[in-house]
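Before reading further, please look over the sequence and the model shown below.

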Amino acid sequence: MQEPVESIFHAVEYIEAHLQTEVTVAQIADAAGYSLFHFIRTFNRLVHHTPYDYLTRRRLSEAAKALAATERRIIDIAQDFCFENQESFSRAFKRMFRVPPSLWREVKPHNADLLTPPITQADLDFINRKDFRPPRVVTLPKTTLHGLMTRLDVDEADLPALRKRLFMDICGAASVAQIPEYVTVLSRSGPAYLFAGIELPEGHAAQRVLAVKTLPAGNYVRFGALAAQRILALRYLYHTWCPAVGQRPAFDLLIEVCSAEKDPDAEETIYLPLESA
Amino acid sequence: MEPVICPEKQIILMGMSFYGDPFDTRTGWDEENHIGRLWKRFSAFLSRHPEVLELENQPDAAYEVHIYNPETTEKGLFEVFVGMEIRLSDVERIPAELSIKTLPLTEYAVFTFKGEQISSDWEKLIQDWLTSAGYHSPHMYNFQYYDARFKGLDNLADSVLDVYVPIQKAG
């Protein structure tokens, strides 16, 4: 018998190969070498999705891509991805994306975080590492930060370097002796920008050169992750945790508390604002 | 792994049920699954209504029934019923908060699992045995039978669990 993670990854691959073919959860279990009951138990434990939920989200995500990229009729796309009819497709689509397929086609949202990507081996390793601590919902007060911002023209993969640079500039401008951590705010509503800032100690006058950014009070999901695992942590929050617990993140705002240390193993804390229920 | 064949019997249970994916993590991964919550709901009811225990036909034994339907194979959704055995004559005395589940008159193969086997994929072993022994299951359910030999989830090593599967000779 294979290790569970290996068998479950095989099941994920089997699902990916059957997005456009009728398949039952029992057949997926069989392909993974498990009984149905043990399979759903193991899949939920290791993937944090129910198998059927994952299959449906993946089908809807690929259907959404097809809607934006092709002229194919909605009913044909629904059938391509094994939905019984256009009504059941539209209902499921609206439930996942909050807009009907016709509007999605019209607007063509460009934010890839809206779509559930295929689970990778790296995702499974991330979720199942021994020190995995689940995200928590926290309520934060209004927070005022002082810092610098820049238009975001770079690929988001280059973000860590960019925010380090911003941080160094803040250190020069803020005249604060020691800054153990700083906050970055990535905004994608309108032209994307990155803000990096600090909470100034009480009584410390802000330098004029620094911009002010106010983070609204509200519910956030808080998730700690190593800087090197930032992308995996974000994938997990957007595509697994939020849908599974029925939370809707604000896709256009991402807040991260970064350590000022140069330690590559430093942990960062991600905060995603949650839309109110 | 050879099961014991249990002669035909009908079982009437009183209890509570859940329908869905029992391991759906909607409530968070650090909490117990829906089956654990169902057991808790049932136990809490019994502690509030100890008089119901007088209806038990098999003292200190409990059943967990997994019932399959077309959605089970398609979507992984099960009905899980937890309960206790009662006599047919007591059916009318069951309070509204509990449901009755009648398991039909049938022969069973009884598989006994110990220690780590309890959390293994024993359903797969059972399916393989049914095929190799020339049986099939005429009904879409099986049940786990918990009695004094089961020492709790935190003490699986010293626990024993019986799984009953309805059987009929194939062909």
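The model is predicted. Chain A contains 10 helices and 8 strands. Taken along the principal axes, its C-alpha atoms fill a box of roughly 65 × 45 × 30 Å. Of the 277 residues in chain A, 51% are buried. Among the contacts between residues at least 6 apart in sequence, 72% join residues at least 24 apart.

The partners of β4(A) can now be considered in turn. Strand β2 of chain A, residues 143-151, runs antiparallel to β4(A) and is joined to it by 6 bridges. Here M149(A) has F195(A) as its bridge partner. Strand β3 of chain A, residues 181-187, also pairs with β4(A) in the antiparallel sense, over 5 bridges. In this pairing L186(A) stands opposite L194(A). The strands β3(A) and β4(A) form a hairpin with 5 residues between them, and G190(A) in the turn has a positive phi of about 75 degrees.

Another pairing in the sheet involves strand β6 (residues 218-226) and strand β8 (residues 267-273) of chain A, which run antiparallel and are joined by 7 bridges. A225(A) stands opposite E268(A) in β8(A).

The helices come next. Helix α4 of chain A comprises 19 residues, 51-69; at 1.5 Å a residue it should span 27 Å, and because its end C-alpha atoms are 27 Å apart, the model agrees with that expectation. This helix is mostly covered, with 14 of its 19 residues buried.

Helix α1 of chain A, residues 4-16, packs with α4(A) at an angle of about 40 degrees, and the two axes are 10 Å apart. Angles under 35 degrees would count as roughly parallel; α1(A) and α4(A) are therefore oblique to each other. Their crossing is right-handed. At the contact, V12(A), I15(A) and E16(A) of α1(A) meet P51(A), Y54(A), L55(A) and R58(A) of α4(A). In an α-helix there are 3.6 residues a turn, so residues three or four places apart point the same way.

Two loop residues complete the tour. Most residues other than glycine have a negative phi. H48(A), although not a glycine, has a positive phi of about 65 degrees. H48(A) is placed in the loop between α3 (36-47) and α4 of chain A. Its relative accessibility is 5%, so H48(A) counts as buried, the cut-off being under 20%. R98(A) is likewise not a glycine and has a positive phi, of about 70 degrees. R98(A) lies in the loop between α6 (86-97) and α7 (101-107) of chain A.

Technical notes:
Residues are numbered from 1 along each chain as its sequence is written. Chains are lettered from A and ligands numbered from 1 in the order in which they are written. This is a predicted model: local features need pLDDT of at least 70, side-chain atom pairs count only at pLDDT 80 or more; totals for chains, interfaces and linings use all residues. Side-chain values use heavy atoms; hydrogens and water are left out. Helices (H or I, at least four residues) and strands (E, at least two) are DSSP runs, numbered from the N terminus. The expected span of a helix is 1.5 Å times one less than its number of residues. Buried means under 20% relative accessible area, exposed over 50%, partly exposed in between (1.4 Å probe, protein chains only). Two strands pair if DSSP finds at least two bridges between them. Axes are lines fitted to C-alpha atoms, for helices over the stretch in contact, and angles run from 0 to 180 degrees between N-to-C directions. Angles under 35 degrees count as roughly parallel, over 145 as roughly antiparallel, 65 to 115 as roughly perpendicular and the rest as oblique. A crossing is left-handed if the near helix is turned anticlockwise from the far one by less than a right angle, and right-handed if clockwise. Contact means heavy atoms within 4.5 Å.
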